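Reader: I am new to this one, could you walk me through it?
Author: Gladly; please have a look at it, and then ask away.

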Amino acid sequence: MNVLKKIVVDCSTGVQEEIDLTPDEIADYEATQAQAQANQLAREAEVARIEALKTSAKAKLVAGEALTTEEAALLIG
Amino acid sequence: MQLIQTGTVGAGGAANITFTGIPQTFTDLLILASCRSTFSGDVADMIYVNFNSAGTSNYANQQLANSGSFVFAFTGTEQVIGFTAAALSPASTFAVSSAYIPNYVVSTNKAVTIDAVSPSTTNSFGRMVGMRWTNTAAISSMVITPQAGNFVEFSTISLYGILRGSGGATVS
């Protein structure tokens with residue numbers, strides 16, 4: 001899509017229009033998406049960290065080794 | 001329940017779907033979305049709302065999520081309103097979301113309940129979300145945007161109004 005467009009639905013008239021984003025709207029759109037992607041990357045990293053901790057905790061439990069406090073909390077809350 | 005309007009994305013795609021002039025005559029709102037985005041980084045993605053073009057602050061959410069057999073929960077400040085399938089999901093597959101907003105014209109902070117699922121060949125993504133907008137204004141418009149990328153053709157978002165009546169009847 002060469003030009004960013006938005007779909008605007010006027011609920012009072014039922015008219016739907018395809019309108020080009022203004023430069024300000026494009027800037028807001030790009031800033032929001034950049035922040036959102038950073039948030040998602042951080043969330044994915046946290047999920048991966050927790051998965052790694054769970055894997056470690058299970059292995060330690062089976063081997064009879066001591067768990068960290070965080071590992072224990074992940075397993076039993 | 002009464003359909004207010006439906007926004008449908010055409011062949012060129014769209015950065016967002018905006019509803020303006022939302023009637024203030026109902027009790028609750030229901031948003032039903034069937035969406036797919038161009039985001040190339042995942043099989044699914046969140047979609048966001050900006051009520052009354054009031055900005056993206058004053059939102060909070062609690063999410064219960066699954067990815068395949070992995071279940072997790074987290075909190076955030078994103079203005080989540082639903083879920084979209086993204087470019088890595090099976091072709092021509094759209095995620096479905098429903099978001100219920102009770103008392104949208106009452107002068108209280110707004111609470112939203114959201115259910116969403118995005119099917120995938122290997123892992124389906126599911127979400128249950130509670131979202132709060134700390135603002136007492138009546139909701140008169142909303143801008144709905146994918147977190148990343150753009151909505152593709154055939155994405156639709158329908159806005160319904162619900163008017164409470166005795167015994168569950170619709171009062172006209």
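**Charged pairs in the model**

Author: With a relative accessible area of 34%, A:Glu46 is partly exposed, a term that lies between buried (under 20% relative accessible area) and exposed (over 50%), for a 1.4 Å probe and protein chains only. This is a predicted model, in which local features need pLDDT of at least 70, side-chain atom pairs count only at pLDDT 80 or more, and totals for chains, interfaces and linings use all residues. Residues are numbered from 1 along each chain as its sequence is written, chains are lettered from A and ligands numbered from 1 in the order in which they are written, and side-chain values use heavy atoms, leaving out hydrogens and water.

Reader: Which side chain does A:Glu46 meet in a salt bridge?
Author: A:Glu46 meets A:Arg49 at 3.0 Å, N to O, where a salt bridge is a side-chain nitrogen of Lys or Arg within 4 Å of a carboxyl oxygen of Asp or Glu. Both lie in helix α1 (residues 23-63) of chain A, three residues apart, about one turn of the helix; helices are DSSP runs (H or I, at least four residues) and strands likewise (E, at least two), numbered from the N terminus.

Reader: And A:Lys60 and A:Glu71, buried or exposed?
Author: Both A:Lys60 and A:Glu71 are buried, and their side chains form a salt bridge at 3.0 Å, N to O. That pair links distant parts of the chain, with A:Lys60 in helix α1 and A:Glu71 in helix α2 (residues 69-76) of chain A, 11 residues apart.
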